[in-house]
Amino acid sequence: MTSTPSQPVTADLLLQAYCAGVFPMAEHRNDPELFWVEPRMRGIFPLDEFHISRSLAKRLRQDDYTVTRNRDFGAVLDGCADRQETWISTEIRTLYTELNAMGFAHSLEVWMGDQLAGGVYGVCVGRAFCGESMFSTRRDGSKIALAWLVDLLSRCGFVLFDTQFLTPHLASLGAVEIPRDTYRAKLKQALQGEADIQSQPLAASGQDVVQRITQTS
């Protein structure tokens, strides 16, 4: 289900949209127009069912990387948009940068040395984290970011991790599809409370992430 905004999209309107279960996209990076999307089937990560394979657990434990939070939100946006076709237009970049400055949009960055190896960003409303996009420039960069994010969201009191759509990559990590009405019910419940993604420190190590996630899944 898609529709065209009837008024100029502002950061405040964007937050209202997330609370209503819809999100914006653009046709391409140079498209000046946005449209609202509300999928019939919605992708989510059940926070207690994130799947860490043996190979990913081994990769996480290597700790040859550093994970940061909101260290370079703009670089994560640009990394997510750096592909042949993208819905992250100039307008979307501007809006989410503003949401980040307002404290509603957040990123996790994965660094290998001084190079950005991957990352993920999204929007927080109530106790819901609405994931927008992720990227990798090194093998497993986005998987590392997602594992650390799931660990952080769980410890910060979030109850819903929205992925918008389900891809084979996300499904391999435990994401599932639910009908629109089920998603709306979960979102309504998540909006009845508040969670702060900055209320807890990032994990001390990849081993901590593996241990906590495997204990709950």
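Author: Start with residue classes: Ala, Val, Leu, Ile, Met, Phe, Trp, Tyr, Cys and Pro count as nonpolar, Asp, Glu, Lys and Arg as charged, and the others, Gly among them, as polar. With these classes, the lining of the largest pocket divides into nine nonpolar, six polar and four charged residues. Keep in mind that this is a predicted model.

Reader: What lies nearest the centre of the largest pocket, and how many residues line it?

Author: The largest pocket has 19 lining residues, and E132, S133, M134, T163 and T167 are those nearest its centre. The elements that give two or more residues to this lining are β8 (128-136) and β9 (160-164). The space in the largest pocket is about 450 Å³.

Reader: Which residues line the second largest pocket?

Author: Its lining consists of L15, C19, G103, F104, H106, C124, V125, G126, E194, A195, D196 and I197. Two or more of the lining residues come from each of α1 (11-19) and β7 (115-125). The second largest pocket holds about 150 Å³ of space.

Reader: Why is S89 called buried?

Author: Buried means under 20% relative accessible area. S89 has a relative accessible area of 2%, so S89 is buried. S89 is in the loop between α3 (73-81) and α4 (90-102). Leaving out residues up to four places away in sequence, S89 touches A26, H28, R29, D31 and L34.

Reader: How do you know whether L153 is buried or exposed?

Author: By the same cut-off of under 20%. L153 has 0% relative accessibility and therefore counts as buried. L153 is in helix α5, where it touches L47, F129, F158, F161 and I197, again leaving out residues up to four places away in sequence. From L153 to R139 there are 14 residues in sequence and 23 Å in space, C-alpha to C-alpha.

Reader: Why is α2 called roughly perpendicular to α5?

Author: The axes of helix α2 (residues 54-62) and helix α5 (residues 141-155) cross at roughly 85° and come within 11 Å. Angles of 65 to 115 degrees count as roughly perpendicular, so α2 is roughly perpendicular to α5.

Reader: Which residues meet where α2 and α5 touch?

Author: L56, R59 and L60 in α2 meet K143, I144, A147 and W148 in α5. This contact has five nonpolar, no polar and two charged residues.

Reader: What makes the phi of D140 worth a remark?

Author: Most residues other than glycine have a negative phi. D140 is not a glycine, yet its phi is positive, near 70°. D140 is in the loop between β8 and α5. D140 has a relative accessible area of 19%, which is under 20%, so D140 still counts as buried.

Reader: Where is Q164, and what is its phi?

Author: Q164 is in strand β9. Its phi is positive, about 70°, although Q164 is not a glycine. With a relative accessible area of 4%, Q164 falls under the cut-off of 20% and is therefore buried.

Methods. Residues numbered from 1 in each chain as written. Predicted model: local features only at pLDDT ≥ 70, side-chain atom pairs only at ≥ 80, totals over all residues. Heavy atoms only, no water. Helix = DSSP H or I, 4+ residues; strand = E, 2+ residues; numbered from the N terminus. Buried < 20%, exposed > 50% of the residue type's maximum accessible area, 1.4 Å probe, protein only. Contact = heavy atoms within 4.5 Å. Axes fitted to C-alpha atoms, helices over the stretch in contact; angles between N-to-C directions. Parallel < 35°, antiparallel > 145°, perpendicular 65-115°, else oblique. 1 Å grid on protein atoms, 1.4 Å probe; cavity = no way out; pocket = protein on both sides within 12 Å on 5 of 7 lines; lining within 4 Å. Points joined across faces, edges and corners; volume = space filled by probe spheres on them.
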